[in-house]
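Thanks for coming. I will go through a few parts of this structure, strand by strand and helix by helix. Please have the structure open while I talk.

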Amino acid sequence: MSTTATPVGSVDEAPEPSRRRGRRRLAHGAEAASHRSPAMTVAGYVGMLLVVLVVAVPLFWIVVTSLKHRQDIYVQPAQWLPDPATTNNYHDVTTRIPFLRYLRNSVIITVVLSLTKIVLGVLSAYALSLLRFPGRGVVFVVVIAALMVPNQITVISNYALVAQLGWRNTFQGIIIPLAGVAFGTFLMRNQFLSLPTEIIEAARLDGAGPLKLLWRVVLPMSWPTLVAFSLITVVNEWNEYLWPFLMSDDERTAPLPVGLTLLQNNDGVTNWGPVMAGTVLAMLPVLVLFLVLQRQMIKGLTAGAVKS
Amino acid sequence: MATVYFDAATRRYAKDAPPAVDAVTLDIADGEFLVLVGPSGCGKSTSLRMLAGLEPVDGGRILVDGHDQQGVRPRDRDIAMVFQSYALYPNMTAAQNMAFALDNSKVPKAETKERVAQAAKILELEDLLDRKPGQMSGGQRQRVAMGRAIVRQPKVFCMDEPLSNLDAKLRVSTRSQIAGLQRRLGITTVYVTHDQVEAMTMGHRVAVLKDGRLQQVAAPEELYDRPVNTFVAAFIGSPAITLVPTSVSEGRAEVYGLPVTLEREVAARASGDIVVGFRPESWRIVPESDEGGLPLTVELVEALGSESFVYGRRLGDDAHGAPDERVTIRTDKRAGVAVGEQIRVRPVEAEAHVFDGATGERLGA
Amino acid sequence: MNQLTRRGLLGLAGTAGIAGLSACAGTGTSGSSDKAGGASNTIEFWSNHPGSSKPVEQQIIAAFQKENPGLTVKLVDAGKNYEEVAQKFNASLAGGQLPDVVVVSDVTWFNFALNKQLSKLDDLLGTAKVDTGDYVDALYNDYTYAGGHFALPYARSTPLFYYNKELWAKAGLEDRGPKDWAEFKEWSTALKAAVGSGKFAMELADGSNYLDWYFQNLAWDFGGAYSKEWQPTFSDPNTIKAGQFLQDLTKAGVIKYNATPEADFSAGLAGCILQSTGSLGGITKDAKFEFGTAFLPGTDNCPTGGAGVGVPANISDARKANAVKFAEFLTNPQNTVTFTQATGYMPVRKSAVELPEEKTFLEKNPNSKTAIDQLAHTRSQDNARVLLPGGGARIGKALDQIAQGQDVATVFKALDAESQQVFESQIKPKL
Ligand SMILES: Nc1ncnc2c1ncn2[C@@H]1O[C@H](COP(=O)(O)OP(=O)(O)OP(=O)(O)O)[C@@H](O)[C@H]1O
Ligand SMILES: [Mg+2]
């Protein structure tokens, strides 16, 4: 990185003051239109390139490694493209560990948990922001307090509870303790509170009951936040490790992140090919979901609702 | 269609703060168009929201059709509100916006469609029915907001400065549209505005609020001709009335040194300090030779085409005198005076408004 | 990815602390007689499958069940490394539903033993008539505390000296490991020249990846140690000498630190490494050149490591008996051979090397033989690393500082004080 970074700085500072000033006087009109010197543009592109590199290179490396033969993974100089390429690692992933069962577990856990979290988060946030009931403030404080409790503490007490219920190595044992929604409540509550109150009032006057108000008015305006929240939730649940690891004993309930660790040799040399292949496979569903949903996130949906 | 009765209705936002609406008593007849005016923060919106059920009533009552609205949910009050900010549902088209309330009250689909079409026709929204608010201009959104209220055929319309964000021309046309519509539908309407002209032209009656207290409620002409106190006198009318504090003795008062004879009835009640006011049209420009006329230096001339307003400052005043020491005079089309010129004016004694100096209450009829 | 630090997220001290906390919260089931739930004819075996050994473990379990038709063994994926197994075990200690047999590493077992969470095995082994004398003494005695044994050696390893034979030839060195660290220093100039730029004569795991394990060998070679019994001896002049030696070679550009030196070694980027015997299989597969293995430099100063299997204290006697039966089976001569041949760990039974299949195996794999031969020259690890809570991580951190050039004496002095303090507060009261 550092070798590419150095020229950036120098390009940025390159144009000497006199030239800059002259240009500004000449191109006054153009300046007003674009507000950018070529140096800034270059710096902008280099900055973007850097970000892409930082994000993409590791990703690229994972994909490439997943297609390499074992002996090609650690070589000097590094191989940028698999040569020859192989899909053995993918074959390995699906045969060395019960990949499909882990995948199924991941899907079950993620879908159930995400839906629960989203529904609970939205409903509780709605109640806490837009419905009036006694003790609302107290409930909110409790929810916020729940956010503050360190994960490790709840893990142990949850473990005790779940173990007593005999739920170890069951889906309900994994899912229910994770279904707490303080974060979603907090996020969605803030979103709901940021909506123009007049619209909510208008809907009330228009005879919308609480559920209709939520479904037809509040949620459509909160779509981008809801999608972002859902996406964060799905990604979180998909990658959830600690709790499923503690709860699950084998492939009957363990999700992918736990299952994939079986590919690593935990005292010795790991063959990274299958690990990377597993990572790629585990990444795909979330990636697809993200691509589908990201358009939704960007749309500004309250345009025209109220006077600016 | 309904009557609305504010019975000493009071709203306190905070326990120790002065009430935002203070024991307002107001009787609004069925089908009446009542305009609420007052300076910013005087409690207009709050009154409206209390009526709609969006704000609780902390004291007194509000009756609709003789029924106390205490505890009645907003959705059950059958009151439609047009918000200052439109408050359209951004995810719905104009048609859906208008149909929303009808859907909620389970009006048959066909009837809903019919009513929306009708409202769209009245408001000239037919071409916009499939657009979402984000794709409309301010005026169009405004009309959708009106449409949303109209289709409901509610008992009462509440409108909170619905025209405040429109440009002048659109405002004028929409103004008459709303007034006409209200007369046609005959729906009891409470209309909040800042705008003098709207206040004076749209409503059957105008209620003036100040600091949450009702000052006067009367027909526009009445309000203009017989303001009950100096506040109303100064608030209603544009340009404002010229108010001169002075004192009375033996039925006569001096206005800037000019002797003004008060009507007998007024004179009988006045004593000590009083305030005498003359509206711009109650001044006459007199020839320079009239030694009894009040000499003024012309500071500003507003020529509005059909009439002009001349703002003059008394001679001897320094330039830093407060603006209310200026005298405002309405003249015909061409004032025939220029800034800097010296003129003399005389008030029309019979058109004097006389108020008590201490309480500001109107004296006499 | 997951191997950035092999210690995992929660240090041992951390997990122990949490267990204590929740015990206060009174959520656990402990107190009732059969706290652990679990059927007495099912044996839950919590393992991280060291060395990717799940298939072998399943194979051994199948054999066990065949021999003991009344018993079922349930193999549980208990984590991706020893720390995670400890974490999961800790959770069950607080929350109930204990396993019957659990994998404990050289650094995790003691804390469980100290807190009476693992059973003292001696009586149980006696009842089961297990010939404990057949376990390799150095390995078996690693689990001694309060006059008893708290685990049976299972996946045991030692470090080995791996070297690149091609490089050795190029540097004109004899085809063997260095006799001691002094000799390595003599060799280092030639090695550095031969290895070329961008590569290093030696790579070591960094402080987050068990440098503290390997460095014990250096400390001992210089006559120092981490501790004598419970007395930390980092400030001992000889230990400091060892630290100084490491720093000098680092400054000279001979040694480089890395999370996975075995990977660089296999790629030909490092001339030699100190690595666990457990890496032998992987390096054999990955390296495209001929490499050799040798004893660690010095005499009789190779630390042992790896993991054993323990039995929780708070389960019924019936379960304990079954658990010991299985633990013994898992580590009997036949199975330790099966297990170690599949993984690269070392047989834990003396009689194992006499088995014909092991003999043939060692003939074919001379590098594996190095490890077994070295076993006779091992030395039990110092308490300051393996028995003090958080010891490994603490020493690793200090060694990182030394590698970065901080003053050796100062760092070790602080380490001394810190270790002493941990002992005073966490161990001494319980002894
Ligand atoms: N939600 C609120 N909480 C506390 N005070 C409020 C609240 N809403 C309004 N007020 C106060 O109540 C008073 C009346 O407010 P209101 O909105 O009714 O004024 P208004 O007459 O509509 O003014 P404007 O013409 O500026 O809209 C103001 O002093 C205002 O500060
Ligand atoms: Mg207002």
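I start in chain C, with strand β7(C). Pro159(C), Phe161(C) and Tyr163(C) point one way from this strand, Leu160(C), Tyr162(C) and Asn164(C) point the other way, and all of them are buried. Keep in mind that this is a predicted model. In a regular strand, side chains alternate between the two faces of the sheet. For β7(C), which covers residues 159–164, six of the six residues are buried, so the strand is largely enclosed by the rest of the structure.

What does β7(C) pair with? One partner is strand β12 of chain C, residues 270–276, which runs antiparallel to β7(C) and is joined to it by five bridges. Within that pairing, Tyr163(C) has Cys272(C) as its bridge partner in β12(C). There is also strand β13 of chain C, residues 291–294, where the pairing with β7(C) is again antiparallel, over four bridges. Here the bridge partner of Asn164(C) is Phe291(C) in β13(C).

Staying in chain C, the next item is helix α14(C), residues 333–343. Its buried residues are Asn335(C), Thr336(C), Val337(C), Phe339(C), Thr340(C) and Thr343(C). An α-helix has 3.6 residues a turn, so residues three or four places apart point the same way. Which elements do the buried residues of α14(C) pack against? They pack against α2 (54–67), β6 (152–157), α13 (317–330) and α15 (356–364), which belong to chain C. Just after the helix comes Gly344(C), with a positive phi of about 100°.

Now chain A, and a pair of helices. Helix α11 of chain A, residues 182–194, packs against helix α14 of chain A, residues 223–239, at an angle of about 165°, and the axes are 10 Å apart. At that angle, α11(A) is roughly antiparallel to α14(A). The crossing of α11(A) and α14(A) is right-handed. On the α11(A) side, the residues that meet the other helix are Phe183(A), Gly184(A), Leu187(A), Met188(A) and Gln191(A); on the α14(A) side they are Thr225(A), Leu226(A), Phe229(A) and Ile232(A). Sorted by class, this contact has six nonpolar residues, three polar ones and no charged ones.

On to chain B. Six of its strands make an open sheet with mixed pairing, in the order β6-β7-β8-β3-β9-β10. The edges are β6 (79–82) and β10 (213–218) of chain B; each has a single partner strand, so one side of each is left without a neighbour in the sheet. On average, and ignoring direction, neighbouring strands of this sheet are turned by 20° against each other.

One pairing inside that sheet: β7 of chain B, residues 156–160, and β8 of chain B, residues 188–192, pair in the parallel sense over five bridges. Asp160(B) has Val192(B) as its bridge partner in β8(B). Helix α4 of chain B, residues 138–150, packs on the sheet and touches β6 and β7 of chain B, with its direction at about 175° to that of β6(B).

Is Thr174(B) buried or exposed? It has a relative accessible area of 5%, so it is buried. Neighbours within four places in sequence aside, Thr174(B) is in contact with Leu163(B) and Leu166(B).

Last, the chains together. Two pairs of chains are in contact, and of these, chains A and C share the most contacts. Chain B and chain C do not touch, and their nearest C-alpha atoms are 43 Å apart.

Definitions and conventions:
Residues numbered from 1 in each chain as written. Chains lettered and ligands numbered in written order. Predicted model: local features only at pLDDT ≥ 70, side-chain atom pairs only at ≥ 80, totals over all residues. Heavy atoms only, no water. Buried < 20%, exposed > 50% of the residue type's maximum accessible area, 1.4 Å probe, protein only. Helix = DSSP H or I, 4+ residues; strand = E, 2+ residues; numbered from the N terminus. Contact = heavy atoms within 4.5 Å. Axes fitted to C-alpha atoms, helices over the stretch in contact; angles between N-to-C directions. Parallel < 35°, antiparallel > 145°, perpendicular 65-115°, else oblique. Left-handed = near helix turned anticlockwise from the far one by under 90°. Nonpolar A, V, L, I, M, F, W, Y, C, P; charged D, E, K, R; others polar. Pairing = 2+ DSSP bridges.
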